[in-house]
Structure formats: C-alpha cells, structure tokens
Amino acid sequence: GSYNVIGFSVEGCASDPLQFTAEILENDYEIEIRRSGCLEYTFNAKNLLNVQPASDTYLWDLGDGNTSVDQTFTHTFDKEGTYNIKLKVSNSSCEYLHESTLTIPTFDIQIVENPVFCPGESFMVYATGAEKYIWSDGSNGDSFLITQPGNDSVTGWWDDVCSKTLDFTAKVYELTDAVIY
C-alpha cells in the first residue's frame with residue numbers, strides 16, 4: 001500500500017518535517033489452475049501485483065507425491081481424486097504460502113439400457129455422464145435412434161478438452177420357429 005511518512009533530522013535539530021510517500025509492494029500470489037486434458041492441468045503462480053522480482057523461487061507440492069520449482073508448468077495426474085495443492089513463493093525478504101484443493105472428477109459415460117429391439121422396429125438410446133455427446137454417425141445430443149443392428153459408439157466430452165468413448169452393439173431379438181400345438 002501507500003503510506004505518508006513524516007521524518008525529522010537525526011540530530012534532533014528543529015527543522016521542517018520531511019514528507020514523502022512510501023510505496024510498499026508485497027509479492028501477493030494466487031494459484032491459477034486450468035484443465036488441459038482429462039487428467040492434465042496447467043498450474044501458474046500468478047503475481048497479482050504484476051511485479052516479478054528475479055529472486056523469487058517457487059516450490060509446488062501437487063498432493064500426489066510430485067513437486068515442481070517452475071512458476072508455470074503442466075502436470076498429468078495418475079487418476080481422478082482430490083488433491084491438496086501447495087505453493088510456496090519466497091525471496092530474500094518474504095515468503096508466501098498458499099493452498100488450494102483440486103478435485104478431478106471421474107469422467108464416465110454410459111448408455112441407459114442395452115439396445116435390443118424387435119425386427120423392423122427402432123430403439124432410442126440415451127447417454128448420461130458427459131456435457132455433450134457425439135455418436136458414431138456424427139450426430140450430437142444425448143440420444144441416438146438405432147434402426148438396424150450393429151456396432152455403434154458414443155463419445156462424451158467435458159470442457160472441450162476431455163473425452164471418453166463407449167462402444168456398444170445394437171442387437172435384434174432373434175425370432176425362432178415356434179411350434180404351436
């Protein structure tokens with residue numbers, strides 16, 4: 001912040017006070033986290049004052065046993081879960097500590113029921129678990145009309161950076177010869 005300072009002569013002589021404004025800058029950081037893949041995240045130690053002393057050092061603890069000393073970097077986690085992210089920024093005069101929690105959700109899609117239908121009929125399949133869906137014929141939406149048996153797939157997308165594909169087979173009930181007595 002800015003402070004008005006009034007000072008007097010060191011010898012104690014009577015003189016007019018000296019007045020000046022002192023600007024005290026603190027290295028105030030925050031953790032920026034952006035998803036760049038399903039399990040891949042980009043981390044940045046953002047200096048809120050846009051003052052970047054060359055002597056700042058960084059130590060990240062990613063909560064999964066991995067660390068980094070870079071200001072900005074990308075890391076891929078092994079699995080979904082909750083991670084306690086710690087950042088320590090230090091220089092010769094101060095130290096800044098910050099913690100943040102990162103929760104990586106489970107990315108999973110499923111179809112509501114197995115597509116089995118009678119000959120000559122169709123079957124509507126519904127997908128759940130993602131933000132948007134692309135089906136094997138290129139159509140979009142959470143539902144897909146199946147008109148013939150065969151292999152199909154649906155790809156679910158999250159944040160336009162993470163996707164998973166589910167393959168499934170549409171089957172037609174087989175009619176057997178029935179003997180009527």
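**Entry 1: a histidine.** I started with histidine 98, which sits in strand β9 (residues 95-104). Strands here are DSSP runs of E with at least two residues, helices are runs of H or I with at least four residues, and both are numbered from the N terminus. Before going on, I noted that this is a predicted model, where local features need pLDDT of at least 70 and side-chain atom pairs count only at pLDDT 80 or more, while totals for chains, interfaces and linings use all residues. I also noted that residues are numbered from 1 along each chain as its sequence is written, and that side-chain values use heavy atoms, with hydrogens and water left out.

Is histidine 98 buried or exposed, or partly exposed? I got a relative accessible area of 27%, so histidine 98 is partly exposed. My cut-offs: buried is under 20% relative accessible area, exposed is over 50%, and partly exposed is in between, with a 1.4 Å probe and protein chains only.

Next I looked up what histidine 98 touches. Leaving aside neighbours within four places in sequence, histidine 98 is in contact with Ile31, Ile85, Lys86 and Leu87. Contact means heavy atoms within 4.5 Å. I checked isoleucine 85 too: the C-alpha atoms of histidine 98 and isoleucine 85 are 8.3 Å apart, and the two residues are 13 residues apart in sequence. The side chain of histidine 98 also has a polar contact of 3.4 Å with the side chain of tyrosine 96. A polar contact is a pair of N or O atoms within 3.5 Å; within protein, one must be able to donate a hydrogen and the other to accept it, and residues adjacent in sequence count only if both atoms are side-chain atoms.

**Entry 2: the disulfide.** How many disulfides does the rule give? I got 1 disulfide, where the rule asks for a pair of cysteine sulfur atoms within 2.5 Å. Cysteine 38 and cysteine 162 form it, with their sulfur atoms 1.7 Å apart. I wanted to know what this pair ties together. Cysteine 38 is in the loop between β3 (29-35) and β4 (40-47), and cysteine 162 is in strand β16 (residues 162-172), so the pair ties together parts that are 124 residues apart in sequence. The torsion about the S-S bond is about 95°, so I wrote this disulfide down as right-handed. Cysteine 162 is buried because its relative accessibility is 0%, whereas cysteine 38 is partly exposed at 22%. I also looked up cysteine 118, which is partly exposed at 31% relative accessibility.

**Entry 3: salt bridges.** I found 4 salt bridges in the structure. The rule is a side-chain nitrogen of Lys or Arg within 4 Å of a carboxyl oxygen of Asp or Glu. I looked at these:

- Lysine 46 and glutamate 32 meet at 3.7 Å, N to O. Lysine 46 is in strand β4 and glutamate 32 in strand β3, 14 residues apart, and the pair links distant parts of the chain. Both count as partly exposed, lysine 46 at 31% and glutamate 32 at 24%.
- Aspartate 160 pairs with lysine 132, their closest N and O atoms being 2.8 Å apart. Aspartate 160 lies in the loop between β15 (150-158) and β16, and lysine 132 in strand β13 (residues 132-135), so the pair ties together parts 28 residues apart in sequence. Aspartate 160 is exposed at 54%, while lysine 132 is partly exposed at 39%.

**Entry 4: a threonine.** Threonine 155 is in strand β15, and it counts as buried because its relative accessibility is 16%. I found a polar contact of 2.8 Å between the side chains of threonine 155 and threonine 165.

**Entry 5: the whole chain.** I zoomed out last. The chain has 0 helices and 16 strands. Of its 181 residues, 27% are buried. Residues 24 or more positions apart account for 42% of the contacts with a separation of 6 or more.
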